[in-house]
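This report looks at charged pairs and a surface patch in one protein model. Please look through the structure before reading on.

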Amino acid sequence: MNMADALHTFLAESRALLQEMEEALLKLENDPADPDAVHAVFRAAHTIKGSAGLFGLDHIVDFTHEAESVLDRARGGEMALDDELTGLLLECSDHLGRLLDIAADGAEPDEDDAAHGAALTRRLAVYLERFGEGEQLPVETGAAEPRIDSAGPGPDGVENCAWHISLRFGRDVLRNGMDPMSFIRYLATFGEIVHVVTLPDAMPPAAEMDPECCYLGFEIRFRTDADKARIESAFDFVREDSAIRILPPGCRIGDYLELIESLPEDTTRLGEILVGCGAITPRELDEMLAIQEAQGGEKDEEGRPPLGEMFVQENVVQPEVVDAALARQKEVRGRQAQDSKFLRVHADKLDNLINLVGELVIANSGLGMLAARNKDGATMEAVSGVARLVEDIRDSTMRLRLVEIGETFNRFRRVVRDVSKETGKEIELVIQGGDTELDKTMVDRIGDPLTHLVRNAVDHGIEAAEVRAGRGKPAKGTVWLNAYHESGGIVIEVADDGGGLDQDAILAKAQARGVVAEGDELTDAQVWNLIFEPGFSTVDRVSNLSGRGVGMDVVKRAIEALRGTVGIESHAGRGTTFRIRLPLSMAIIDGFLMSVAAAHYVVPLELVLECVELPAGEGDADNRNYLNLRGEVLPLLRLKEHFALEGERTGRRRNVVVVQWAGRKAGLLVDELKGQLQAVIKPLGRVFSGLRGISGSTILGSGEVALVLDVPVLLEQAVQKEDYVAAQRIKSSRENVRVARTETADQ
Amino acid sequence: MELRPKKGKGAAGRYRLEGELTIYTANDDREALLKALDGPDELEWNLAGITEMDTAGAQLLILAKREAAAGTKTLVFTEHSAAAVEAIELLNLAGHLGDPLVLTGKEKTT
């Protein structure tokens with residue numbers, strides 16, 4: 001595994017940890033004393049910090065460190081996690097997420113981010129100070145985790161207030177025209193260098209030593225009023241290939257231990273150096289060595305350095321320290337065991353597999369066709385056996401990509417919390433169907449539209465408490481997130497029990513914008529759909545939450561890009577439901593093949609309700625666009641006319657394929673029914689991006705190309721056409737009446 | 001940097017370092033300094049002529065010291081110039097180089 005891969009893993013893990021941290025923090029808001037949650041938050045921060053250090057992501061390490069220090073105190077029960085602190089920690093977790101994003105891009109945080117981080121750090125420091133004031137004494141008397149801070153022993157306690165900077169410059173730093181000395185000189189411009197230790201240990205023997213390489217390492221005690229960002233900025237030019245660690249004043253032993261372990265030099269030597277430059281006391285070094293020993297386990301004692309031994313002999317090691325170390329080690333082991341249950345696979349590999357399965361499907365259907373043509377029964381049987389297996393492989397492969405949507409849903413607890421805090425509304429988020437699975441890419445891409453809908457629901461949907469009370473509703477608003485499977489797709493609902501959409505306001509706005517002509521009769525659904533028009537907003541004030549230029553049209557487009565649809569159901573005074581329908585997967589589907597005028601078309605099998613023969617005479621008469629199906633009137637879409645196909649009609653009878661999507665039905669008039677097949681959907685090229693009604697293509701076993709019909713769009717078109725024709729008919733009949741009336745009047 | 005052997009009686013192993021001891025000259029300096037280590041067991045390098053010294057230079061001095069120690073020779077730096085003292089002070093190498101004379105040098109310049 002190279003560094004880039006490792007970094008990737010680190011980012012993925014850290015994001016998962018942040019997620020846990022956030023969930024735990026939200027839990028803490030309701031139950032501030034929950035020890036499990038406090039531990040979860042601490043563990044997340046600690047692990048992220050530790051791993052970030054491995055990658056030299058010092059800004060993350062430094063930032064996390066502050067949060068960790070606060071959490072550590074909370075963990076020990078020394079500091080209460082009140083609402084304010086939880087909120088602050090949530091902000092910190094957000095900032096960490098941002099830092100991770102930046103790290104993922106391989107960039108460095110810009111000034112804004114650094115300033116934001118510094119501001120958060122300052123606020124955290126306030127908590128630490130508040131804590132420090134009253135309770136400095138117990139620290140020294142040797143609690144389970146002794147701290148190195150101002151209360152440390154020794155006459156010059158001030159010295160311990162200094163920062164500790166550990167520098168290992170990249171080998172090429174000199175060649176690149178930068179002199180480590182100048183960095184130290186620069187540090188001295190905004191602080192006092194208390195002590196410097198230069199470590200030449202890394203320098204090879206003279207024969208191998210390249211005088212243009214920098215082999216020296218530096219441990220610096222530095223006293224300054226500047227913040228971490230300022231110190232860090234000193235090393236901006238060398239940060240990339242250098243290992244720079246900055247420990248703020250008042251670090252715990254564990255931090256120094258981590259520092260020592262992360263450095264290349266020998267532990268004891270470093271320990272002595274740290275003692276030498278006043279970072280730690282000999283007693284503390286002793287404890288560090290003890291912890292190391294506990295962690296190192298079976299290493300032989302002979303190898304122990306004399307200094308360490310001496311201290312170990314002189315001072316009895318505190319058993320709690322060892323216990324703590326052992327517990328941590330156990331925890332790490334447990335986590336490793338859990339990890340082994342999952343396999344981290346690169347998404348590309350999975351996609352490749354799915355592609356191959358797709359090709360296999362095509363190849364196999366070619367084989368089946370050949371066998372059928374040769375009327376070779378035995379081969380056909382064998383092929384169908386293979387086909388069944390291929391189908392199973394396809395299903396399990398597709399399932400590999402499926403993830404539960406619950407994780408995405410849980411993110412919204414935070415959104416709802418923040419928005420309800422901002423708006424001062426009390427809102428509960430109810431999540432249902434979190435275990436519904438859908439494609440990973442979709443889960444990733446549905447997040448933003450969902451966020452928008454949830455924000456809208458909280459900001460605009462739920463009324464203020466007084467209004468709610470007036471309407472006889474509970475003061476606490478409810479927002480539902482619901483997911484379930486329905487006819488080969490997944491439905492995600494965002495619902496609220498608020499006031500519902502304001503039909504009049506929407507209509508007025510639409511008329512003002514000229515989207516709708518005055519006097520147009522619109523159905524409820526048509527009115528609701530107006531809010532998806534670009535730039536449409538009925539709210540005049542631009543609140544902090546919505547109205548930031550991301551309109552509902554963007555939501556709709558994002559959903560359509562996933563081949564999904566969004567519908568609205570709204571009842572005045574009772575609430576609004578946004579219903580998003582998405583196809584289950586995007587790559588391979590069970591399709592139904594049919595032909596029209598020698599061209600092949602495929603519809604997803606789940607959408608097909610039934611196939612019927614077009615009754616003689618039915619539909620032929622006046623090119624009617626509707627069909628009487630056992631007394632039910634359905635729109636009928638004549639594919640030949642719809643796509644303006646010129647080929648000859650094939651087959652004797654004409655068939656109607658009845659399809660259903662989102663509760664709407666329509667008949668598709670085709671020539672021949674060819675039966676079901678597994679279709680590997682290939683996207684259409686950019687040239688066809690404007691094509692409506694076709695969502696992709698697939699290759700048949702015979703090598704011919706079939707187009708995949710976009711049923712939702714076709715349904716819409718069929719309904720529109722029917723509406724149009726009906727309107728025309730009504731219009732003409734009205735005119736007839738008028739004509740008749742005039743005629744009567746004339747007489 | 002130039003290495004000038006001292007002349008006169010008992011001058012073997014005594015050199016005077018002249019010029020800059022920096023990254024720009026580091027490659028040549030290394031060769032020159034290592035060569036200068038060949039000689040009697042008692043070596044003395046006079047640093048008074050060092051006009052400039054950076055991390056690369058300091059690194060070379062550390063290397064020279066270490067090489068000398070490895071060959072069980074004693075290498076002493078004397079009469080540090082201001083530039084040398086500044087660098088050695090900044091990196092806090094006085095203790096490491098273990099030259100009592102460094103301190104003398106420092107006293108001289110300050």
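The text below covers salt bridges and then a nonpolar patch. The model is a predicted one.

**Salt bridges**

Over all chains, the structure holds 28 salt bridges. Three of them are listed here with the distance between nitrogen and oxygen.

| Pair | N to O distance |
|---|---|
| A:R98 and A:D113 | 3.0 Å |
| A:R223 and A:E192 | 3.2 Å |
| A:K473 and A:E463 | 2.8 Å |

Start with the pair A:R98 and A:D113, whose closest N and O atoms are 3.0 Å apart. A:R98 has a relative accessible area of 38% and is partly exposed. A:D113 has a value of 8%, and it counts as buried because that is under 20%.

The side chains of A:R223 and A:E192 also meet in a salt bridge. Here the partners sit in strands: A:R223 in strand 3 (residues 217-223) of chain A and A:E192 in strand 2 (residues 192-199) of chain A, so parts that are 31 residues apart in sequence are tied together. A:R223 is partly exposed at 27% relative accessibility. A:E192 is partly exposed as well, with a relative accessible area of 43%.

Where do the partners A:K473 and A:E463 lie? The salt bridge between A:K473 and A:E463 has its closest N and O atoms 2.8 Å apart. A:K473 is in the loop between helix 18 (465-470) and strand 8 (477-486) of chain A, and A:E463 is in the loop between helix 17 (440-461) and helix 18 of chain A, so this pair links parts that are 10 residues apart in sequence. A:K473 is buried, with a relative accessible area of 16%. A:E463 is buried too, at 10% relative accessibility.

Salt bridges can also share partners. In this way A:E22, A:D94, A:R414, A:R417 and A:D418 are joined into one network.

**A nonpolar patch**

Which residues form a nonpolar patch on the surface? They are A:V687, A:F688 and A:L691, and together they have about 320 Å² of accessible area. One of them, A:F688, is placed in the loop between strand 19 (672-680) and strand 20 (694-699) of chain A.

Methods: Residues are numbered from 1 along each chain as its sequence is written. Chains are lettered from A and ligands numbered from 1 in the order in which they are written. This is a predicted model: local features need pLDDT of at least 70, side-chain atom pairs count only at pLDDT 80 or more; totals for chains, interfaces and linings use all residues. Side-chain values use heavy atoms; hydrogens and water are left out. Patches are made of residues with over 30% relative accessible area and no salt bridge: like charges are joined within 9 Å, nonpolar side chains (Val, Leu, Ile, Met, Phe, Trp, Tyr) within 5 Å. Accessible areas come from the Shrake-Rupley method with a 1.4 Å probe; for residues, only the protein chains shown count as cover. A salt bridge is a side-chain nitrogen of Lys or Arg within 4 Å of a carboxyl oxygen of Asp or Glu. Helices (H or I, at least four residues) and strands (E, at least two) are DSSP runs, numbered from the N terminus. Buried means under 20% relative accessible area, exposed over 50%, partly exposed in between (1.4 Å probe, protein chains only).
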